[in-house]
Amino acid sequence: MTQQAAALQTYNNELVKCIEELCSKRDELNRQIKQEEEEKERLQHDIRVLSEKLSRVNESLTQRLAARATFDRTIAETEAAYTKILESSQSLLSVLKQEAGNLSKATEHKKIYDMTGGRDDSS
């Protein structure tokens, strides 16, 4: 019976050793799980922060794009109106020069008419 008791004691010691190794491995696994859960929480927090920041940037970008479109439209309308003003000024200047020329001719014709005593020598 002593041999059986010794064998039983050996099996018992090995069983206890195996159980302790399993517990140690489980504890290491629990430590790794806790680390990964903490990392997951940090990453989820970072994602929330970045998502909020992305939302703010998108909102700002949308407003700035709309403002730029308004600037573009205003500039285009102003340039078109300015071009019309330039064209009108050019037309006005041309008409004014033509009228001034006509007035000069009429005035010259009258001077000649007056100088010749009423005779029209210009023709």
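Predicted model: local features only at pLDDT ≥ 70, side-chain atom pairs only at ≥ 80, totals over all residues.
Glu28 has a relative accessible area of 33%, so it counts as partly exposed. Arg31 is partly exposed too, because its relative accessibility is 40%.

How many salt bridges does a search of the whole structure find? The search finds 3.

Another of them joins Glu39 to Arg42, where the closest N and O atoms are 2.7 Å apart. These two are also in helix α1, and they are separated by about one helical turn because they sit 3 residues apart. Glu39, at 34% relative accessibility, is partly exposed, and Arg42, at 45%, is partly exposed as well.

Then there is Arg26 with Asp27. Their closest N and O atoms are 3.8 Å apart, and a salt bridge needs a nitrogen within 4 Å of a carboxyl oxygen, so the pair counts. Arg26 has 48% relative accessibility and Asp27 has 44%. Buried means under 20% and exposed means over 50%, so residues in between are called partly exposed.

Now the surface charge. Which residues form a negative surface patch? They are Glu36, Glu37, Glu38 and Glu41. Take Glu38 from that group: it lies in helix α1, which covers residues 2–115. Its relative accessibility is 37%, and therefore Glu38 is partly exposed.

That is what I have for today.

How values were computed: Residues numbered from 1 in each chain as written. Heavy atoms only, no water. Patch = residues over 30% accessible without salt bridge, like charges linked within 9 Å, V, L, I, M, F, W, Y side chains within 5 Å. Areas by Shrake-Rupley, 256 points an atom, 1.4 Å probe, with all protein chains shown as cover. Salt bridge = Lys/Arg side-chain N within 4 Å of Asp/Glu carboxyl O. Lys, Arg positive; Asp, Glu negative; His and termini not counted. Charge placed at Lys NZ, Arg CZ, Asp CG, Glu CD. Helix = DSSP H or I, 4+ residues; strand = E, 2+ residues; numbered from the N terminus. Buried < 20%, exposed > 50% of the residue type's maximum accessible area, 1.4 Å probe, protein only.
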